[in-house]
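Subject: Structure handover and what was found in it

Dear colleague,

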Amino acid sequence: MDLQISGRKALVLGASSGLGRGVAEALAAEGVHIVLAARASDRLTDAATAIASQHGVQTVTLPVDLSDSASVEEFVQAIRTQHPDISILVNNTGGPSPSGVEGISGHTWKQQFETMVLSLFRITDAVLPGMKERRWGRILTIASAVVVEPNIRLGVSVTLRSALAGWSKTLATEVAPHGVTVNMLLPGHITTDRTHFLAEAEARKTGKTQEAVQEEKARNIPVGRYGTVEEFGATAAFLTSTAAAYITGSMIRVDGGALKSI
Ligand SMILES: NC(=O)c1ccc[n+]([C@@H]2O[C@H](COP(=O)([O-])OP(=O)(O)OC[C@H]3O[C@@H](n4cnc5c(N)ncnc54)[C@H](OP(=O)(O)O)[C@@H]3O)[C@@H](O)[C@H]2O)c1
């Protein structure tokens, strides 16, 4: 299937590894030029070089620290001036440390809100005028299955991503008349550095091995295994396609059937 996005330009946040890298690869395979963003410039450069040489698209790196409002402001200015032609935005951030919600300090809430939520509002607002002018745009926000089924060990993620869900749905309604779709992707367990980190943290807490923790989780997934970044990237690429123009305001699960609700 031709996704009809060849030659467009995408901005992918958290593009140096994991889900963001998987989405960047899948879009590049469709001929999309990619602006890759994250903190560590060496990993970003490695990803950009590999993607450009494998898929023959143009790649540019634009480092940003989403936890630092000054860095985000500078990034937003660079997007406005150097990349006014972004047609696809993939909102993606690092995840918070595992915790509940009781007793989380105001400082932590504020900082995580700035990192995981406010930075995405600012960046989205920077790319929307160009999308509306061209009457074509795709905003995809990577959240988590915990938005549907809260996980008490990931309380900050549940809380802040629920805020993103409300924002994403509202924005979808606002910009739909301008040819811009806005959707969320809800990953369950997709193998990345972060899933290893979380399994390691749980293993330390429970005295199990990391492998045992991951095997136990996989047994509770109907498909029987963790997903791959390629599978995740393929779903994202479809949602950015011209064929997906009628899908907006949705939350798409990529979880191997793990969520129990309809
Ligand atoms: N993998 C899953 O199954 C899963 C499930 C549910 C939710 N999620 C969520 O999806 C998101 C991506 O997950 P992942 O598994 O791909 O994680 P990952 O492998 O740890 O990748 C995170 C990416 O974000 C970048 N990043 C981290 N902190 C940043 C910051 N302050 N500013 C800018 N970039 C930053 C990282 O690069 P630098 O470190 O160089 O900045 C990296 O490129 C996370 O929020 C995670 O909680 C993932």
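From which domains does the shell around the ligand draw at least three residues each? Before the answer, please keep in mind that this is a predicted model, and that every value below was computed from it.

The protein chain is divided into domain 1, which covers 9–188 + 233–253, and domain 2, which covers 191–226. The shell around the ligand draws at least three residues from each of domain 1 and domain 2, and so it is worth looking at both when you trace the residues around the ligand.

**The ligand and its surroundings**

There are 30 residues around the ligand, and those that come nearest are Ser 16, Thr 93, Arg 161, Ile 190 and Thr 192. Sorted by class, the shell around the ligand is made up of 14 polar, 10 nonpolar and 6 charged residues. Two helices, H1 (18–29) and H6 (193–206), each supply at least two residues of this shell, and H6 gives the most, with 3 residues.

In the side chain of Asp 65, an N or O atom is 3.1 Å from a nitrogen atom of the ligand. The backbone also takes part in this picture, since a polar backbone atom of Gly 94 is 3.4 Å from an oxygen atom of the ligand, while a backbone N or O atom of Gly 188 lies 3.3 Å from an oxygen atom of the ligand. Taken alone, the ligand exposes 870 Å², and the protein buries 90% of that area.

**How the two domains meet**

The C-alpha centres of domain 1 and domain 2 lie 25 Å apart, and 9 residues of domain 1 are in contact with 8 residues of domain 2. The size of an interface is often given as the accessible area lost when the parts come together. Here domain 1 and domain 2 bury about 550 Å² between them, with 59% of it on carbon and sulfur atoms.

**Two backbone angles to look at**

Most residues other than glycine have a negative phi. Gln 4, however, has a positive phi of about 55° although it is not a glycine, and Gln 4 is found in the segment before strand E1 (9–13). Arg 135, which is not a glycine either, has a positive phi of about 55°, and its place is in the loop between helix H4 (106–134) and strand E5 (137–142).

With best wishes

Note on methods:
Residues are numbered from 1 along each chain as its sequence is written. This is a predicted model: local features need pLDDT of at least 70, side-chain atom pairs count only at pLDDT 80 or more; totals for chains, interfaces and linings use all residues. Side-chain values use heavy atoms; hydrogens and water are left out. A residue is near a molecule or strand if one of its heavy atoms lies within 4 Å of it. A polar contact is a pair of N or O atoms within 3.5 Å; within protein, one must be able to donate a hydrogen and the other to accept it, and residues adjacent in sequence count only if both atoms are side-chain atoms. Accessible areas come from the Shrake-Rupley method with a 1.4 Å probe; for residues, only the protein chains shown count as cover. Helices (H or I, at least four residues) and strands (E, at least two) are DSSP runs, numbered from the N terminus. Ala, Val, Leu, Ile, Met, Phe, Trp, Tyr, Cys and Pro count as nonpolar, Asp, Glu, Lys and Arg as charged, and the others, Gly among them, as polar. Domain bounds come from an automatic or database domain assignment. Contact means heavy atoms within 4.5 Å. Buried area is the accessible area (1.4 Å probe) that two parts lose on being put together, summed over both.
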